[in-house]
Amino acid sequence: MAQQLLMPKATAVWLVDNTALSFEQIATFCKLHPLEVKAIADGESAQGIKGLDPIGTGQLSRDEIARAEGNPNHKLKLSEPKVRVPDSKRKGPRYTPVSKRQDRPNAILWLVRNHAELKDAQISRLVGTTKSTIEQIRDRTHWNSTNLTAMDPVTLGLCTQIDLDLEVERANKGRPLPTADELGATLEASRETEKLPFSYEREEEKEIDADAVFSKLKALKSDRKDEDEDDAY
């Protein structure tokens with residue numbers, strides 16, 4: 001487990017007040033900027049912070065501080081902790097708050113429909129459920145199947161989008177890319193459409209029959225003449 005300094009700013013306050021270390025040495029040890037350490041020394045920063053003795057907490061030894069005070073180029077090193085606390089590793093499914101447990105079946109249904117590539121173990125990690133529940137929802141044998149509504153587990157707060165994307169990426173790793181038929185492509189290739197005959201004919205490009213046009217004009221004139229004669233009587 002990586003060692004970390006407890007309360008860096010409070011430690012810096014104590015080192016400024018109780019040692020002759022340079023600002024750069026304190027800044028490097030406390031992971032602060034040298035100007036920030038200078039502001040602490042000038043009383044412009046961390047005025048309400050009480051200094052934390054790193055010797056009392058076992059993070060520094062007096063010999064290490066004395067060695068650094070005698071050599072401005074020496075970098076302070078954290079003391080080895082007397083007790084090592086192992087990293088806590090979560091085992092089993094993710095814990096789900098009681099208030100959100102009723103939403104897990106809806107989230108499982110959403111994952112089954114929208115991410116069929118996910119394995120049961122991955123779904124179990126995301127929403128904190130059991131494989132038997134996932135199988136029941138897949139087979140629609142769940143006791144409440146008729147009332148389930150597919151809902152995004154990220155929206156429900158059962159997992160984060162980063163966790164979901166990570167599991168989907170793991171599931172798709174090594175899988176072949178989908179073909180056009182699998183994607184439901186409906187567009188034809190350009191080489192096929194280029195061979196189609198061009199049959200569109202514009203109205204003004206049609207051949208005009210002159211005799212038919214003149215015959216229609218004569219018929220219109222004769223009708224107009226008959227109407228004028230009727231009006232005269």
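Biologist: What percentage of the residues of the chain count as buried?

Modeller: This is a predicted model, in which local features need pLDDT of at least 70 and side-chain atom pairs count only at pLDDT 80 or more, while totals for chains, interfaces and linings use all residues. Residues are numbered from 1 along each chain as its sequence is written, and side-chain values use heavy atoms, with hydrogens and water left out. Buried means under 20% relative accessible area, exposed over 50%, and partly exposed in between, with a 1.4 Å probe and protein chains only. On that scale, the part of the 233 residues that counts as buried is 28%.

Biologist: How many helices and how many strands does the chain have?

Modeller: Helices (H or I, at least four residues) and strands (E, at least two) are DSSP runs, numbered from the N terminus. Read from the N terminus on, the elements run α-α-α-α-α-α-α-α-α-α-α-α. The count is therefore twelve helices and zero strands.

Biologist: Which residues does Pro 8 touch, not counting residues up to four places away in sequence?

Modeller: Pro 8 is found in helix H1, which spans residues 8-18, and with a relative accessible area of 31% Pro 8 is partly exposed. Pro 8 and Ala 27 lie 19 residues apart in sequence and 9.4 Å apart in space, taken from C-alpha to C-alpha. Once residues up to four places away in sequence are left out, the residues that Pro 8 touches are Cys 30 and Leu 32.

Biologist: Is Cys 30 buried or exposed?

Modeller: A disulfide is a pair of cysteine sulfur atoms within 2.5 Å, and the structure holds zero disulfides. Cys 159, at 7% relative accessibility, counts as buried. For Cys 30 the relative accessibility is 2%, so this residue counts as buried.

Biologist: Against which helices do the buried residues of H4 pack?

Modeller: In helix H4 (residues 62-70), Glu 64, Ile 65 and Ala 68 are buried. They cover an arc of only 100° around the axis, and so they are on the same side of H4, the arc being that of the directions from the helix axis to the C-beta atoms. On the other side of H4, Arg 62, Asp 63 and Gly 70 are exposed. The partners against which the buried residues of H4 pack are H1 and helix H2 (23-30).

Biologist: And against which helices do the buried residues of H3 pack?

Modeller: Helix H3 covers residues 34-41, and Val 37, Ala 39 and Ile 40 are buried in it. Their arc around the axis is only 155°, which puts them on the same side of H3. H3 is followed by Gly 43, whose phi is positive, near 80°. The buried residues of H3 pack against H1 and H2.

Biologist: Which value does phi of Lys 31 lie near?

Modeller: Lys 31 has its place in the loop between H2 and H3, and at 74% relative accessibility Lys 31 counts as exposed. Arg 140, in the loop between helix H7 (131-138) and helix H8 (153-156), also has a positive phi in a residue other than glycine, near 60°. For Lys 31, a residue other than glycine, phi is positive and near 55°.

Biologist: Which residues does His 115 touch, again not counting residues up to four places away in sequence?

Modeller: His 115 sits in the loop between helix H5 (104-114) and helix H6 (120-127). At 16% relative accessibility, His 115 counts as buried. With that sequence separation applied, the residues touched by His 115 are Trp 110, Leu 164 and Val 168.

Biologist: At what angle do H6 and helix H9 pack?

Modeller: Axes are lines fitted to C-alpha atoms, for helices over the stretch in contact, and angles run from 0 to 180 degrees between N-to-C directions. The axes of H6 and H9 (residues 161-172) are 10 Å apart, and the contact is made by residues including Gln 122, Arg 125 and Leu 126 of H6 and Asp 163 and Leu 164 of H9. Because angles under 35 degrees count as roughly parallel, over 145 as roughly antiparallel, 65 to 115 as roughly perpendicular and the rest as oblique, H6 and H9 are roughly antiparallel to each other. The packing angle is about 170°.

Methods: Contact means heavy atoms within 4.5 Å.
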